[in-house]
Amino acid sequence: MTNSSRFKMSQERLDALKAELYYLETEKEKEVAELIKEARSFGDLSENSEYDEAKTEQGKLYSKIAEIKVLIENAEIVDNIDVDAPKDAVTLGSIVKVIDVEDDFEETFEIVGSQEANPNMGRISDDSPLGKGLHGHRSGETVMIDAPAGTLTFKIVSVENK
């Protein structure tokens, strides 16, 4: 399997996915099966909206289980530091403080794998335009990044690697 079909994540994220899968395959699956059983008891299935809703819920559940299994099977556990990168360079796991040159607005980002990205919490994927654009750069450098919103210019204030 090629590296492009791997999902970068921390061990903690993988453990959380495994726990979610266990819950879905045990407790949640039993709940949905019970809903279907109860809906069947209402009689004619052709006009039984409860049955239709329960079957839809079952489909969503099986889809979510399949999705999580793919993530787990293709997980690539990443250590937060790229050992070949200079200690002060932006890499996976770095906490980067930048100033948006145009807006003079300071932001702090943590560069994470795609499965852990949450821009609202300042966790930026290393595969995103911003993550790719900052990668390898150091504190004090100014970086221009092509993003869907246009070209953005950031000055790197600090880089902290764990």
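Biologist: What is the average pLDDT of the protein, and how many of the residues score at least 70?
Modeller: This is a predicted model, and its average pLDDT is 87, with 93% of the residues scoring at least 70.

Biologist: Where is confidence lowest, and where is it highest?
Modeller: The lowest confidence falls in strand 1, residues 7–9, with a mean of 79, whereas strand 3 has the highest, at 94.

Biologist: Staying with strand 3, which strand is joined to it, and by how many bridges?
Modeller: Strand 3, which covers residues 95–100, is joined by six bridges to strand 7, residues 150–160, and the two run antiparallel. Within strand 7, the residue standing opposite Val98 is Ile156.

Biologist: And how do strand 6 and strand 7 pair?
Modeller: Strand 6, residues 142–147, pairs with strand 7 in the antiparallel sense, again over six bridges, and these two strands form a hairpin that has two residues between them. Ile145 has Leu152 in strand 7 as its bridge partner.

Biologist: Switching to the cores, which residues touch the most other members in the largest nonpolar one?
Modeller: That core has 16 residues, and those touching the most other members are Leu17, Ile68 and Ile72. At least two residues of this core come from helix 1 (11–40), and at least two from helix 2.

Biologist: What is Ile68 in contact with, leaving aside neighbours within four places in sequence?
Modeller: With those neighbours left out, Ile68 is in contact with Leu17, Glu20, Leu21 and Leu24.

Biologist: Which residues does the second core include?
Modeller: The second core is separate and has 15 residues, including Leu92, Phe109, Ile145 and Phe154.

Biologist: What is phi of Asp104?
Modeller: Phi of Asp104 is near 50 degrees, which is a positive value in a residue other than glycine.

Conventions: Residues are numbered from 1 along each chain as its sequence is written. This is a predicted model: local features need pLDDT of at least 70, side-chain atom pairs count only at pLDDT 80 or more; totals for chains, interfaces and linings use all residues. Side-chain values use heavy atoms; hydrogens and water are left out. Two strands pair if DSSP finds at least two bridges between them. Helices (H or I, at least four residues) and strands (E, at least two) are DSSP runs, numbered from the N terminus. pLDDT is the predictor's confidence in each residue, from 0 to 100. A nonpolar core is a set of buried Ala, Val, Leu, Ile, Met, Phe, Trp, Tyr and Cys residues joined through side-chain atoms within 4.5 Å. Buried means under 20% relative accessible area, exposed over 50%, partly exposed in between (1.4 Å probe, protein chains only). Contact means heavy atoms within 4.5 Å.
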